[in-house]
Amino acid sequence: MRVFLVLLLCLGLATCASHIPQAQIITPANDALAGRHGFELIDPQSSLEGEAPFPERYRQLPQLLLHGLSARGYHESQQPQLRVYYWLAVRDEPLTFKVDVPPPNPLGPYQAIHRLRDETGTLRLRLTDLDERILWEGVISTGLSPARDSAELLERATRALTEQIPLATR
């Protein structure tokens with residue numbers, strides 16, 4: 001009986017635990033990243049076409065990135081050795097559900113068809129040298145969506161992504 005209660009408690013705690021986003025490294029750290037520690041943040045508005053998703057979150061990102069990069073040993077500099085590009089995007093994909101056989105009734109089978117979309121915010125971070133060669137790049141699902149937008153989700157995703165950047169070497 002005790003084992004069942006402990007198992008039930010663990011299951012309950014697991015469902016309440018917050019989701020830790022998983023970062024995906026697009027371009028692993030290049031050897032040229034070693035020894036570089038001064039950077040400049042590049043405003044994403046210069047490279048975006050059209051309206052930026054999550055405008056409120058874009059205002060929050062520079063401070064989060066500065067904090068995350070400084071924790072890895074990098075610092076903002078007037079004479080940078082690195083450029084840090086960042087942008088939020090919305091991945092919009094249809095969700096496919098297996099349609100059950102509808103019950104025989106006069107309303108017909110259309111009741112069993114559900115068309116939903118998955119709109120998930122992603123954060124991409126790219127470190128380049130001054131000649132625009134990519135030294136490191138990663139992407140992470142932020143948990144943001146048009147229906148679910150919070151500063152905490154972006155903060156958690158930014159922290160998880162910046163923790164994947166190699167430590168700066170002197």
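Residues are numbered from 1 along each chain as its sequence is written, and side-chain values use heavy atoms, with hydrogens and water left out. As the model is predicted, local features need pLDDT of at least 70 and side-chain atom pairs count only at pLDDT 80 or more, while totals for chains, interfaces and linings use all residues.

Helices (H or I, at least four residues) and strands (E, at least two) are DSSP runs, numbered from the N terminus. Helix 3 covers residues 151-162, and its end C-alpha atoms lie 16 Å apart, which agrees with the 16 Å that its 12 residues should span at 1.5 Å a residue; the expected span is 1.5 Å times one less than the number of residues. Buried residues (under 20% relative accessible area, with exposed over 50% and partly exposed in between; 1.4 Å probe, protein chains only) in helix 3 are L153, L154, R156, A157, T158, A160, L161 and T162.

T142 sits in the loop between strand 6 (134-141) and helix 3, and T142 counts as buried because its relative accessibility is 3%. Contact means heavy atoms within 4.5 Å; leaving aside neighbours within four places in sequence, T142 is in contact with L88, G121, T122, L123, L153, L154 and A157. In helix 2, Q60 is also found to be buried, at 17% relative accessibility. Beyond residues up to four places away in sequence, Q60 touches A151, L154 and E155.

Next comes the nonpolar core, a set of buried Ala, Val, Leu, Ile, Met, Phe, Trp, Tyr and Cys residues joined through side-chain atoms within 4.5 Å. The largest one has 28 residues, of which L61, Y74, L125 and L127 touch the most other members. At least two residues of this core come from each of strand 2 (38-42), helix 2, strand 4 (82-95), strand 5 (116-128), strand 6 and helix 3. Apart from neighbours within four places in sequence, L61 is in contact with Y86, L88, L123, L154 and T158.

Q79 is exposed, since its relative accessible area is 70%. Although Q79 and F39 are 40 residues apart in sequence, their C-alpha atoms are 7.8 Å apart in space.
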